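Subject: Handing over a structure, with notes on what was found

Dear colleague,

I am passing a structure on to you, together with some notes to read beside it. Please look through it once before going on to the findings below.

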Amino acid sequence: MERRTIGAAALAVGAVGLGCMPMSWAYSTSRQRGDESLRAVHRALDLGSCLLDTADMYGPFTNELLLGRVLKERRSDAFVSTKVGLLVGEQHIVANGRPGYVKRACDASLRRLQTDVIDLYQLHRADPEVPVEETWGAMAELVRAGKVRALGLCAVGARSARRSGARLHDGTIRQLERVQQVFPVSAVEAELSVWSPEALEALLPWCATRGVGFLAAMPLGNGFLTGTLTPGEGFEADDLRARHPRFTAEMMAANQPIAAGLRRVAARHGDGVTPAQVALAWVLAQGGQVIPVPGTKQERWVTENAAAAGLRLSPGDLAEVSALPRALGSWE
C-alpha cells in the first residue's frame, strides 16, 4: 500500500487507516463480536492499513483492550493513534484536560494497549475549564518522556460552530494556533467525506501549508456512502445514527442521488469497484497528507477499504464526485 507521512514527526503510515470505534462503541452493539473485530485488525495490518485509530473513551476502555490483544503480537506492524480528554458517564460525556489527569490517562492507555509507546496521542476535546496550552504542555511532556511519539488534535464539534454562524472549523484553527506555540502539531483529525467536505474550506489548507497530517474521520459518511444502507431500515437504539438527522428515513431517501453518483463512477472502473472505494479515493485525492480512517468491525470491509488506496480517479471522476448534490439534513 502507498505510504503517507504524518506531520512534524515524519511518521509513515499506510494511505488508508482503520477506525476502530465501531468494534466497541456507538454502532449496533448487538453486532459487536470480539473475535470478528480481532480478525479485522489483523487483516488491516496484513494489507498495510497500519494506522489503528482508537480512544480511551471508546467502550469506554474496551476498544484499547481489544487492540492490545493484537499489539501484543504485532506491535511492529502497527501505528497506534489513541485519544485523551473525554470521560464517559452514565448519561453524559465531559472533558478533562487537567495535566495530572492527562499523564495518568496516558499510562492507563499504554497498559491497555500493551505497548510502551503511543505513536500519535490526540487531544479528543479541549477542556473549557483548563487553558488548552496547559493540556498540550502535559502531552508534550509525554513525548519528552518517550511515552508518545507525536501529538494530534481532534476538530471541535460542528454544532456549536453552526449555531454561532462561524465557519465550521474556525474554533479548531484557533486552538491549533495556540497549541502550535507550545509543541508541534503532527496531525489533525476531522470529518471529511463526499457528503461532509467542509474541511476543504480552511482546515485542510491550514494543515497543508504547515506540513500537518490530516486524518479524515467518517470518510464513508457513517456508512451512507457505501450504498449498502436502506432508507427506513432503522438502527438500534444505541447506534449513533438513530439520532443523526441525516439518517432519518426521509433524509436518507433525499440523499440517494449522492450514493447513485458514486455508483456511476464506480461502474466506469469495473465490476469489482464499489461506491465506498470511490468515496475513499476521492478523500485520498484531496492531498498527499490526507489519511482516511474508515471505521469497521468486519474483515470484508477492511479488505474493500484498503483496496481503495490503489484506485486512481481521473480528473473528470473527481470533478463529477465533487459536483454531487450537497447532503440534506443538519444538526439544526
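Two strands are said to pair when DSSP finds at least two bridges between them. By that criterion strand S9 (residues 148-154) and strand S10 (residues 187-191) are a pair, running in the parallel sense with three bridges, and within this pair Cys154 stands opposite Glu189 of S10. Please keep in mind throughout that this is a predicted model.

Is strand S5 (residues 79-84) mostly covered or mostly open? Strand S5 is mostly covered, with six of its six residues buried. In a regular strand the side chains alternate between the two faces of the sheet. On one side of S5 the buried residues are Phe79, Ser81 and Lys83, while on the other they are Val80, Thr82 and Val84, which leaves both faces covered.

Helices against the sheet

In helix H6 (residues 170-180), the buried residues are Asp170, Thr172, Ile173, Gln175, Leu176 and Val179, and what covers them includes helix H4 (132-144), S9, S10 and H7.

The nonpolar cores

The largest nonpolar core has 94 residues, and those with the most contacts inside it are Tyr121 and Phe214.

Gln289 counts as buried because its relative accessibility is 14%, the cut-off for buried being under 20%. Apart from neighbours within four places in sequence, Gln289 is in contact with Thr5, Leu204, Cys207, Ala208, Val212, Gly213 and Phe214.

The aromatic residues

A search of the whole structure finds three aromatic pairs. In one of them, the rings of Trp195 and Phe247 have centres 5.6 Å apart and planes at 75 degrees, so this pair is edge-to-face. The pair links distant parts of the chain, since Trp195 is in the loop between S10 and H7, whereas Phe247 is in the loop between S11 and helix H8 (249-254), 52 residues apart. Both of these residues, Trp195 and Phe247, are buried.

Phe247 also pairs with Phe235: the ring centres are 5.6 Å apart and the planes stand at 90 degrees, so this pair, too, is edge-to-face. Since Phe235 and Phe247 both lie in the loop between S11 and H8, the pair ties together parts that are 12 residues apart in sequence. Phe235 counts as partly exposed, at 24% relative accessibility, whereas Phe247 is buried, with a relative accessible area of 6%. Taken together, Trp195, Phe224, Phe235 and Phe247 form one aromatic cluster.

Charged side chains lie over rings as well: Arg246 lies over the face of Trp195, 4.9 Å from the ring centre, and Arg300 lies over the face of Trp301, 3.9 Å from the ring centre.

Helix H8

Met252 is in helix H8 and counts as buried, at 1% relative accessibility. Not counting residues up to four places away in sequence, Met252 touches Phe224, Leu229, Thr230, Pro231, Phe235, Arg246 and Phe247. From Met252 to His124, which is 128 residues away along the chain, the separation between C-alpha atoms is 29 Å.

Ala253 is also in helix H8, but this residue is partly exposed, with a relative accessible area of 43%. Ala253 and Ile173 are 80 residues apart in sequence, and their C-alpha atoms are 34 Å apart in space.

With best regards

Conventions
Residues numbered from 1 in each chain as written. Predicted model: local features only at pLDDT ≥ 70, side-chain atom pairs only at ≥ 80, totals over all residues. Heavy atoms only, no water. Core = buried A, V, L, I, M, F, W, Y, C linked by side-chain atoms within 4.5 Å. Buried < 20%, exposed > 50% of the residue type's maximum accessible area, 1.4 Å probe, protein only. Contact = heavy atoms within 4.5 Å. Helix = DSSP H or I, 4+ residues; strand = E, 2+ residues; numbered from the N terminus. Phe/Tyr/Trp six-rings, centres within 6.5 Å; stacked < 30°, edge-to-face > 60°. Lys NZ or Arg CZ within 6 Å of the ring centre and 35° of its normal.
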